[in-house]
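Please open the structure in your viewer and keep the selection tool at hand. The stops below say what to select and what is found there.

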Amino acid sequence: MLERIEEIRAEAGAAIEAATSSAELEELRVRHLGRKAELTTILRGIAELPAEERGKVGGAANGARKELEALLEASAARLDASELDAKLLADRVDVTLPGAPPRPVGHAHLIARTTRQIEDVMIGLGYTVAEGPEIEHDYYNFTALNHPEGHPARMLQDTFYVQSQPEVLLRTHTSPMQIRAMETQPPPIFVIVPGKVYRRDSDATHSPMFHQIEGLAIAEGITLADLQGTLLALCRAIFGDEREVRLRPHFFPFTEPSVEVDVSCFQCGGSGELAGGERCNLCKGQGWIEILGAGMVDPNVLGFVAEHGYDAERVQGFAFGLGVERVAMLRHGVPDLRRFFDNDVRMLEQFS
Amino acid sequence: MRVPYSWLREYCDPGMAPEQLADRLVMTGTEVERVTVAGPPQPDNFVVGKVLAAEQHPDADRLRVCTVDDGDGERTIVCGAPNVAAGQTVAVALPGARMPGGEKLRKAKLRGVASEGMILAADELEVGEDHDGILVLDEALAAGTPLAEVLPLAEPVLEIEVTPNRVDCFGVHGVAREVHAITGAPLGPDPWALEVPAEGEGTADDYASVAVEVPELCPRFTARVFTEVEIGPSPLWLQARLAAAGQRPINNVVDITNYVMLLTAQPLHAFDLDKVPSGALTVRAAAAGEKMTTLDGVERELDAETVLVCDENGPTGIAGVMGGQVSEVSATTTRVLLEVANWNGTNILRTSRLLGLRSEASSRFEKQLHPDLCLRAQEIASQLLLELCGAKLVAGTIDVAAASWAAPRQLVLRAARVKGLLGMTISQAEQTTYLERLGFGVEADGEDLKVTVPPDRHYDVTREVDLIEEVARVHGIDEHLPTTLPAVAGRVGGLSREQRLRRRAEDGLRDLGFDQVVGWSFTDPGEPGRLRIPADDPRANPVLLANPLSEEQSAMRTTVLGSLLDVAARNVARGADRLALFEAASVYLNHPPTGRNRDVEARNRPVGALAGNFQGERAAPFTEPHRYAALALGPLIPRSWRGGGEPADFFALKGVLESLARQLGAELEFAPGEQPFLHPGRSAAVSIEGAPIGWIGEIHPLVCREWDLDAAVGFEIDAAPLLGAASAGIETYEDVTTFPAVYQDLAVVIPDEVAASDVRAAVLAAGGELLRSAEVFDLYAGEQVGEGRVSLALGLEFRAPDRTLTDAEVNELREAIKQSLEKIGGTLRE
Ligand SMILES: [Zn+2]
């Protein structure tokens, strides 16, 4: 009996260690440890053995069973790992296929993005943002901005008028909000006004609709020198720390003195020449690029809001108007104003 | 304004190259657009020649073969001019000369005869108009004399864009004064300081009379009479100057009027006195509908505000704008009535706009000239008429003045104000120098100055601040202005909450995959029709422009959808197969900002700096709601090898809109709702707290067809109520961690006509405060639930802020929910 137990242990042990699949292992478990297995039968028959044999046979059979169980467990672990490996390998993918597309990210329009950049610079300089109507009263667009009825200055901007109301027009600049802002808030006032404006003009450099950002600063003691400093800060923030600005006297009806403002060319560094010696195309060899119009708010304009605390003898300040498209064209090399309103997605998607 | 450099230098020679002067002018406020050259670009190879012989060309009837002495020797030149003849002194271009326009003259063979140069006509040198014959020069000139010593060749011309305030710079002398001011170069004596002898018979009153019926529109009318006038071409120097200034030479009298206008900015008009019956002129307003033919040969209809200069037979000219043909100076004229008048600028501007007629004269008059200028112009013109036309001036000037006009303006320029406004110091001596050079009278008064404004600047310089500008620009802003920042304490910059939310919304839509576009505010009036919007819908009644650039841009848009469809159609035509577009912008509704919209604004937008709300005193003329609108075509997520690529449908866009609202912390409500441009079964009205704020849906196939699109889906909502309901940024903390929530799912079978939102509302109502959320996560329709019914699955979250909920509490709520659902025909699936 003992020999038989030893035989079973050796034979089954060898078979278990040689098993190559978990199915085979299961079969071996049933065959050697199952209900009908020889070893099980031996163990079940121990009680019927003579008393002196029971201990020896029982010990041997139980020992064999435990050993086989341990072997089965070890082999199962071995086989599980290799079978999983095989299974994972079979589950291989072609890693060179393209990734699954996520929801695409949209793009900010260059006008909106540029507007926001300028707003942020001015907010940093202590300004708040005012917006206002695009269809405006003649009073705000012209009269209160010192463009009297019949004055040639009104001809500077070709204006769209509304059919139903002769005194109502599409604002030609964001400047009407100067008046609305001053009517709403007494000095000191520091506001910028971004928004759409309209002029009756259409070619590669003129669009009947475009965007401006107006700046208005009124308080005691604000000077033309302060205007220069503010615009220098703005231009440097937008076009780079190396930039300079220069103020050229000009004429606008609602500022006095009035200036046009040039920024030193950021392509040629203001020399007007490129590295190869040829003329800079951006500034046309001038070294300067005209960027905006500005000036000290005309006392006549303050006169229209005198009852709101704007006494021209006590407070003064500056205003400026910046073309957003112009800034975007210069910064990003957009050649034609009309591209901004064409909204070709192939262009939109160039600007993240 | 074209200013020939030699003419300018006659009054003030800055002693520098024209380009250098242009730079100085630009930096002191005179816009020089460019410096060009009138005539040949270089004077080289242009000489005086003598025609020694002129023979008929053997093979061409109209050509002559000339032998010309050019000073160095004889050369053969073939010439086509009929008037060329031996013995003439002529202008010759030698091979190598650059002709106007830059072309280089070469030796040529003309019908077999070699020609070594060209005998020139006036127009070929751009010194005059004449092309009928060659230019015949003074025979005293020696052959070989450089032509530039005889005629202005390669004349630099400053092209100045005069700002509307500087009417004085519409005259060469005004520009000369400006050059004097900014360079300090001496200014010559006033060109009108003349003593012109009156040798004609009698006095002007014997020949002519003037009556002014509208003195408020004609502050001054002066006239002089000239006899024995010989009409002919002007001398070459005058023609050359006019040509360089951009004026066509006509005859000596007309040329003189143009010349004096270009010099002084004061327009003049010459009448043939013999064509003015009795020499009587009347200045009156036109009768409405009155017609006259102007010098350009056009018959024009006038209105009652137009001012006419009339003779006994009717109108001879539109005052200040254009003369008539009746009394035009012609070759037969011998007596001239020279009108120099002053008109009301506003009226001239009005008339010239009304008639669509802008002339050199009107563009000066409209900026308001000073009446003093009339006699200056008379004086200079008189001198020239005597000199160049052999005329005799009749004594006396007819001078009809409305009244005495304003005395010279007196202003005070305070030193403190100069420094205070500019932020730079300009000494009293410097201020005085600059103003005196500009023609102002200056007298010191302590630190301040008492300033008298000259007539040329009377309407331009009216206040102290105008003087400050004058001294600042002449002093040199570019060179001297310090760079400072406003030193104003206590100001805080920033965006209002609404402005921050707007940025958040735009960023949100962008992050959801939508490209931002900027559409036209204009559209064509037919767009509402293409959107199937019925004629009685307010959106079909847009704000129309009185003077649009085109019919396509004649109405203000009432929807953003139209713009988005336009953009989509353009992109699809260029090959785009998927588009996700959004626009954040205004529409324009044809009514004033009243009613709900205004209330919403008032409620949500406090007034003041950091609120970003600067309404002003007068309400906007129209309502301009700011909107968010999106349009998607094709898949939101592109097709790939793993599949996908289903075109965006109602629910795809609804997910986007809900996500946008969630980012802002607002909750939207959706209910079936129709729009004429939407699929009637796949569109919803969007509202907040029961108030409608817009729509979402698949675009109606007939609308898609109008834009050549296969299918599209979109939404358009008002920003103000959305942002007004947003909690982003102002949320309050809620304890969700101390006591655990109970999560349960619930399935209800319900008739399919009951809206999911009603099911959800019933669940939420029954669940009360303890039911924190109920979201539909599954929908089933089929055999198991039976015909006409659907099964909805909802995920529920129960939570109490102050305790852990017991099973009994939750079961009680669940029972309430069950009963609530039964009321709307639902049964719980357990
Ligand atoms: Zn450059």
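The tour goes from the domains to a metal site, then to a sheet, some rings and a few backbone details.

Before selecting anything, note that this is a predicted model, in which local features need pLDDT of at least 70 and side-chain atom pairs count only at pLDDT 80 or more, while totals for chains, interfaces and linings use all residues. Residues are numbered from 1 along each chain as its sequence is written, chains are lettered from A and ligands numbered from 1 in the order in which they are written, and side-chain values use heavy atoms, with hydrogens and water left out.

**Stop 1: the domains**

Colour chain A by its two parts, domain 1 (2-90) and domain 2 (110-351); the bounds come from an automatic or database domain assignment. Taken over C-alpha atoms, the centres of domain 1 and domain 2 of chain A are 93 Å apart.

Chain B is divided into domain 1 (2-39 + 156-183), domain 2 (46-153), domain 3 (204-401), domain 4 (410-480), domain 5 (497-589 + 624-725) and domain 6 (742-829). Select domain 4 and domain 6 of chain B: their C-alpha centres are separated by 83 Å.

**Stop 2: the zinc ion**

Which atoms coordinate the zinc ion? Select the SG atoms of Cys265(A), Cys268(A), Cys280(A) and Cys283(A), which lie at 2.2 to 2.3 Å from the metal. Donors are N, O and S atoms within 2.8 Å of the metal (3.2 Å for Na, K and Ca); water is not among the atoms, so sites may look incomplete. Along the chain, the donors of the zinc ion have the spacing C-x2-C-x11-C-x2-C.

Cys265(A) and Cys280(A) both belong to the loop between β7 (255-264) and β8 (288-297) of chain A, so the pair ties together parts that are 15 residues apart in sequence. Strands (E, at least two residues) and helices (H or I, at least four) are DSSP runs, numbered from the N terminus. Cys265(A) and Cys280(A) are both buried. Buried means under 20% relative accessible area, exposed over 50%, and partly exposed in between (1.4 Å probe, protein chains only).

**Stop 3: a sheet in chain B**

Show chain B as a cartoon and find the open sheet of five strands, in the order β5-β4-β3-β6-β9, with antiparallel pairing. The strands at its edges are β5 (74-79) and β9 (118-119) of chain B, each with a single partner strand, so one side of each is left without a neighbour in the sheet. Two strands pair if DSSP finds at least two bridges between them.

Next, select β3 (residues 46-56) and β6 (residues 89-93) of chain B, which run antiparallel and are joined by five bridges. Within this pair of strands, Lys50(B) stands opposite Thr89(B) of β6(B).

**Stop 4: rings and charges**

Select Tyr139(A) and Phe304(A). Their ring centres are 6.0 Å apart and their planes at 75°, so the pair is edge-to-face. Rings of Phe, Tyr and Trp (its six-membered ring) pair if their centres lie within 6.5 Å; planes under 30 degrees apart count as stacked, over 60 as edge-to-face and the rest as tilted. Tyr139(A) is in helix α6 (residues 138-141) and Phe304(A) in helix α9 (residues 299-304) of chain A, 165 residues apart. Tyr139(A) is buried at 16% relative accessibility, whereas Phe304(A) is partly exposed, at 31%.

A charge sits over a ring if NZ of Lys or CZ of Arg is within 6 Å of the ring centre and within 35 degrees of the ring normal. For another case, select Lys654(B), whose charged end is over the ring of Phe670(B), at 4.5 Å from its centre.

Finally, select Phe160(A), Tyr198(A), Phe341(A), Trp520(B) and Phe522(B), which ring pairs link into a cluster.

**Stop 5: backbone details**

The peptide bond from Pro187(A) to Pro188(A) is cis, with omega near 0°. Pro188(A) is in the loop between α7 (176-184) and β4 (189-198) of chain A. Another cis peptide bond runs from Glu256(A) to Pro257(A), with omega near -5°, and Pro257(A) is in strand β7 of chain A.

In chain B, select Arg111(B), where phi is near 50°, a positive value in a residue other than glycine. Arg111(B) lies in the loop between β7 (108-110) and β8 (113-115) of chain B and is exposed, at 57% relative accessibility.
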